[in-house]
Amino acid sequence: MSDISIEEQTAMRDSFARLLAERGDETAVRQAMVTPLGYDPQLWQDMAEMGLLGLIIDPEFGGIGGDAVLLETLMEVAGAHLLCSPFISTSVIAARVIAACSDEEQKAEMLTAIGDGREIIAIAATGEQGAWTPGGISVTATSDENGCKLDGVSSFVMHAEGASRVLVFANNNGVTGAYILDPAASGIAIEKLKTNDPTLRLSKITFSNASAEHLPGVDETAIGTAMDLARVALAGEHAGGVKRIFDITVEYLRTRHQFGRQIGSYQSLKHIAADMLIEVETAASAAAAAAQAIAADTEDAQTLINLAAFACADAYRDVTAQAIQLHGGIAYTWEHPAHLYWRRARTGLWLFGSSDYHREQYLTQLEAA
Amino acid sequence: MSDISIEEQTAMRDSFARLLAERGDETAVRQAMVTPLGYDPQLWQDMAEMGLLGLIIDPEFGGIGGDAVLLETLMEVAGAHLLCSPFISTSVIAARVIAACSDEEQKAEMLTAIGDGREIIAIAATGEQGAWTPGGISVTATSDENGCKLDGVSSFVMHAEGASRVLVFANNNGVTGAYILDPAASGIAIEKLKTNDPTLRLSKITFSNASAEHLPGVDETAIGTAMDLARVALAGEHAGGVKRIFDITVEYLRTRHQFGRQIGSYQSLKHIAADMLIEVETAASAAAAAAQAIAADTEDAQTLINLAAFACADAYRDVTAQAIQLHGGIAYTWEHPAHLYWRRARTGLWLFGSSDYHREQYLTQLEAA
Amino acid sequence: MATRSMEMSDQDLAAEVKTWLAANWDSEKRCERGVDRLNIKSWLGKLVDSGYSVPTWSPDWFGRGFNSKQARIIDNILKAHQVPGRSQDRYNLGAVTVYRMGSYALKTELLRDMLTGDVSCLLYSEPNAGSDLAGVRTKAEWVAGPDGGEYVVTGQKVWTTNAKEAAYGMLLARTDWDVPKHGGISFFIFPMKQDGVEIRPINQITGESEFNEIFITEARVPARYIVGELNGGWKVLQTALAYERLIMGEGATERQGKEKSAVPPLVELAKRHGKLDDPVLRQKIAQAVAYRHLNALNMKRAKQEILANGSSSLMSLGKLAMSRIQHGEAKVAGEILGANSLLDGDDFPDSADMNFDSAKAYMNSIGGGSDQIQRNIISERILGLPREIEVDRNMPFRDVKSG
Amino acid sequence: MATRSMEMSDQDLAAEVKTWLAANWDSEKRCERGVDRLNIKSWLGKLVDSGYSVPTWSPDWFGRGFNSKQARIIDNILKAHQVPGRSQDRYNLGAVTVYRMGSYALKTELLRDMLTGDVSCLLYSEPNAGSDLAGVRTKAEWVAGPDGGEYVVTGQKVWTTNAKEAAYGMLLARTDWDVPKHGGISFFIFPMKQDGVEIRPINQITGESEFNEIFITEARVPARYIVGELNGGWKVLQTALAYERLIMGEGATERQGKEKSAVPPLVELAKRHGKLDDPVLRQKIAQAVAYRHLNALNMKRAKQEILANGSSSLMSLGKLAMSRIQHGEAKVAGEILGANSLLDGDDFPDSADMNFDSAKAYMNSIGGGSDQIQRNIISERILGLPREIEVDRNMPFRDVKSG
């Protein structure tokens, strides 16, 4: 559990929300999403100044030392605003992986740089199957006296654009580990992938005898923990996003008139809205419960992580799909925000494992209970 | 294709409907379903007199010579009235299996008796898995100079009550065949099974060295054809049942008032009714298409049989479930007919293969197309 | 009577209750200390007089003026000792209604009996007034007599539990037919044990008969047994329903709490029937279990919100969510059982349970405000969307269409 | 002009058309016989004069008075020879509207041009009049002038296809603001090629821009271009919409017919991505394919009913059913593609198709009367349930709330 007071946490949440309202509104998102980088470097710097980039980094390395609960809360804010940023890559996955590194010097240098906003770290975590499981890794590491070399392909690499380093999960003689290298290094070929969600930046990286630095002490468990934290961050983002698009939709139901009545007075639309509310609240409960379980390290943490992963993603998918339907024609236009949430939701269905995968894992956990 | 004229077919349908309206209404169903027999022998005799029991039997043996289309049409009438009878057992499965028998004397005698209403034939088609596939048979036949003996268990036996004979599918040295015996024969133990649908009679039969007559010429294909015809008959029953419970429900929406309005004026109920109508019409189309394909022996007949099997069963299940919900409390009472349709629909989900099984078969057919 | 103080410490309170219990309740024999067999009426009297049965009520009326946290302390101790008659300020709906809304005279006359064994039942719903409770057509006509006279009641009520046991029915009846529907209803504490009250069990599709129809033919109820104002019954009902929802809600959050750690029943069922390896079923089982789990998480959050703010809009979602859960679980159970779903009865207990649950699920999705009514409530009260148009709201009830 | 006779035999008709075609159409060069390159205007003129372009219309107006079966014979021959300009009596909505409801003068002035290249577009929907077409706020104000004067039109229309190509727009505009909404609308054949008409493409979530917004600022339309009565536009619209539905329905049943024998695209997709062995996906694929198959069976039955009785209520179900089909297929395609669903563009054509289809499915579920409107129509017109309460039906349009 974090020792940051509730008041401080609330204050952080509020100032993050203010920041995004000012500098990360829909217009800003639309501007950022069409840049090659895919995010607003100035906003990234603002987040650094608020300490957000070191949110889960230990105070020893200049971070805030927040726990999963605080992370989830702030991700709800990010999700509500469709924040485009390498936050999950850099400040969640990389920060958590590096925190497990046993080379204290390496760790201190990199964590401090992450918190300062000096590092953007791309995450090469899975092969072309997009499985985000240890079995899905298809990069091989070999090491000799001259250091480590990477070979193979990693796809669905998040935020290679603008990244100062790439964090790669690779197998070295059957042992999964973490490696880090410069994206401009020789032996690394980055191919940008066109995505359906314009706020998402993905690449495919081919490694051919590329020199990389090994992060000692980072084993499969540490990587799994980092990815699970990322799943909860994503669940929080979903919970925040689904709430916002729902609020936008209910507001539309209140203000749009057809046949001389608010369309929200039509029972079929009211009933759809009621069903949507269950999904919205469920996403919030699931994401929060998973975060609390991680923070308190309870026995059912893994169960709740898997539950949140599919429940939040599915809720986001279903609610955004209905949001477009309830808006009617206006949401069929690119200019309306509904499809941005809808695309983000559809992204969330696959990142870090599909809903079917997480449902299967959830059941496996329950069998063992 | 049958050479019975459209006019004759319509006349048969109408007189069957009249018969059931007079002698097979809800009160009659409720009376019959609590008798040990589970059907009204007088009504069965009336059906015999109308020629219905020989519906698909060749005129040569005193039948009408109707095809699958006529059968499906009449089963819609039966379904609408929740007819309790051994019709599918006796006049569809047994009649079709026996028609494939190569012993003309045996065939003539049995088919004539079926058409006359003198035979009620129970069908022992599957083992305790309730799979209704050749692989699901768990009765073994052995034959020597003294005739055939049956051993093993058959469950979900339809209408053993009151049956004059039992038709058994059994494996003889790896060859599936059909056998017939007297339910009172030695070596046969019939255990009644309690069912959820009070209009359904099922038993488990244990055979221990029971003497049976073999039906020569009836192979796995002939049995499969008979079971497929039964599936289409059942699909027709579903199509008729789902239409009737839907009509009952819409009528209730029109006449029931709450808050000073017909409840059918509430948009959410109207919309549920609209969605139900799609299911109702779809069931009718699917059952009819399968029947037409069998009658015309088209290439896609097997595809359409599997499609009708799951589409009609699922439609019946979903519409009856909504019918109870739309009626509210009144349909929670035993006296209201809604639950009788609901139970019948739930029976249909499993008889002759589950919806998931038929979906799987359907896809297999399509792959081969 | 003992201390009333709100400032009493929790420890002192617990000690006080335990001392009293030790003196009055034999935990081993589960009866009043000093006797051999529980005489429930006598025991309830004792408990009511102690103030522990309705601890949040005023000391003028069998209570102690405790707050709800203190009441919970008392309740937990009584529960641990399996003491009957506890928490009647939460669960005895008839008594709560009389206490909250009855006149001084009515409380004096009825309250103690209602706390010491005079069970009450609900006489709200009618065949033509299901979702629309304000559409009641049971009529109550005044006739002169001593003590304010009495009302002669004729009509039909449905969906009543405990009707046979009940001494009183909380009756909604129409006392004025010439005003709009909400304005002509009165709320009576109606004596059940009299001629003119016929109770017939309802045969339900589950095979149970927990509910009854009540045929009332010129039965009598004293005018002084009206709760609230004459023709003010709708308001009384709203308060009574609010209590009912609160109790059901609390029950729901409490029941939820228990189910967490065990292996879910659907998983056990699949294991028992050798279906836990079926990948198609696994997805369906996981989703069905998840819905219940997620609802439990929502209810847990609701409880936290109630503790923090005194209320939670999440509470209203639970009943609707439960319909999806119950119907869904029964459906998946059916798919696990396969053709065995056709069977029933003692020889096939898993099938019997599944079939029962499939029917029983309608109890939640229809009873106590159908799913459709719940969606109205959620969209109107929580989301603030416009109310359904009520065509009969302002017309004299006589002219309202019914059927 | 040739025989008009309804009694003409099908063989004679076919022979006549083929003879005419042989004389006038060069099937190899796909243009008018005797020239090297198709001049569409000239060809359309020739076809229209032959009567084969609108064979069911009256001989007074470019037709031959044939019945629909005969028209189908002509159409099939022209289709086989890839002749442009056929079946305009079914597909040229602007011309059909003028022919069916326009005045003699209007037909004389416009009809031939509309059949020989003057395309028309629909100007019905507005930002505030989507489901509620009678809520149009585009205003048309009369000014005096020769030939009955003209109307000055100002307003905004949306969801118009072919706006850039169109010579005319079928315009719904308000000509009286002081009567209830349905009574103050007129239907104009509105000239598109004029100042005051600005066309802006709409960027759609599919990435396409097939629709436009039309900003009309003091544009002009002659008073004689009103179809039907002044303020009688609602009735004209209903007839026009009925034709549109009929055409869409026919299109639907025709398109359905083709897809039967081939392996369904979802099966091919799963095969391509090595997922056809996944039992969970197999169930979902089978169900998605089945929904389309079942709808085709419904539409086939509809067609049989139409042939037998002239109409079929099944027809109205197709559009609603199509929403479930299209959204469902796209969803299953996404599950087949897995994480590749994240990708898009030419490098990932299966993903691009799936993502496009996911967005495009809203075209059916929202456009042309949303699913919700379809359910109203089905429940009211087919099932005979009561109409939605229309609060604005009888109030002067000025007072109607909008937004």
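**Reading two interfaces**

Modeller: Let us begin with one pair of side chains. In this predicted model, B:E279 and D:R324 form a salt bridge, with 3.0 Å between the closest N and O atoms.

Biologist: By what rule is such a pair called a salt bridge, and how many are counted between chain B and chain D?

Modeller: A side-chain nitrogen of Lys or Arg must lie within 4 Å of a carboxyl oxygen of Asp or Glu. Between chain B and chain D the count is 7 salt bridges. There are also 20 residue pairs in polar contact across this interface, both residues being at pLDDT 80 or more.

Biologist: Which elements of chain B supply at least two residues of the side that touches chain D?

Modeller: They are α7 (220-255), β9 (261-262), α8 (267-296), α9 (301-327) and α11 (355-368) of chain B. The largest share, 15 residues, comes from α8(B). Sorted by class, this side of chain B has 18 nonpolar, 9 polar and 11 charged residues.

Biologist: How many residues are in contact, and what area do the two chains bury?

Modeller: Contact is counted between heavy atoms within 4.5 Å. By that rule, 38 residues of chain B are in contact with 37 residues of chain D. The two chains bury about 3,200 Å² between them, and 60% of this area is on carbon and sulfur atoms. Of the area that chain B buries against chain D, 18% is supplied by B:K270, B:I278 and B:L363, more than by any other three residues.

Biologist: Into which domains is chain A divided?

Modeller: The division is into domain 1 (6-116), domain 2 (121-219) and domain 3 (221-368). Let us take domain 1 and domain 2 of chain A, whose C-alpha centres lie 22 Å apart. Here 26 residues of domain 1 are in contact with 21 residues of domain 2. The area buried between these two domains is about 1,800 Å², and carbon and sulfur atoms give 64% of it.

Biologist: How many salt bridges and polar contacts does the rule find between these two domains?

Modeller: There is 1 salt bridge across the interface of domain 1 and domain 2 of chain A. The side chains of A:E109 and A:R165 meet in a salt bridge at 2.9 Å, N to O.

Biologist: Which element gives the most to the side of domain 1 that touches domain 2?

Modeller: On that side of domain 1 of chain A, α5(A) gives the most, with 6 residues. The residues of this side divide into 17 nonpolar, 7 polar and 2 charged.

Terms used: Residues are numbered from 1 along each chain as its sequence is written. Chains are lettered from A and ligands numbered from 1 in the order in which they are written. This is a predicted model: local features need pLDDT of at least 70, side-chain atom pairs count only at pLDDT 80 or more; totals for chains, interfaces and linings use all residues. Side-chain values use heavy atoms; hydrogens and water are left out. Buried area is the accessible area (1.4 Å probe) that two parts lose on being put together, summed over both. A polar contact is a pair of N or O atoms within 3.5 Å; within protein, one must be able to donate a hydrogen and the other to accept it, and residues adjacent in sequence count only if both atoms are side-chain atoms. Helices (H or I, at least four residues) and strands (E, at least two) are DSSP runs, numbered from the N terminus. Ala, Val, Leu, Ile, Met, Phe, Trp, Tyr, Cys and Pro count as nonpolar, Asp, Glu, Lys and Arg as charged, and the others, Gly among them, as polar. Domain bounds come from an automatic or database domain assignment.
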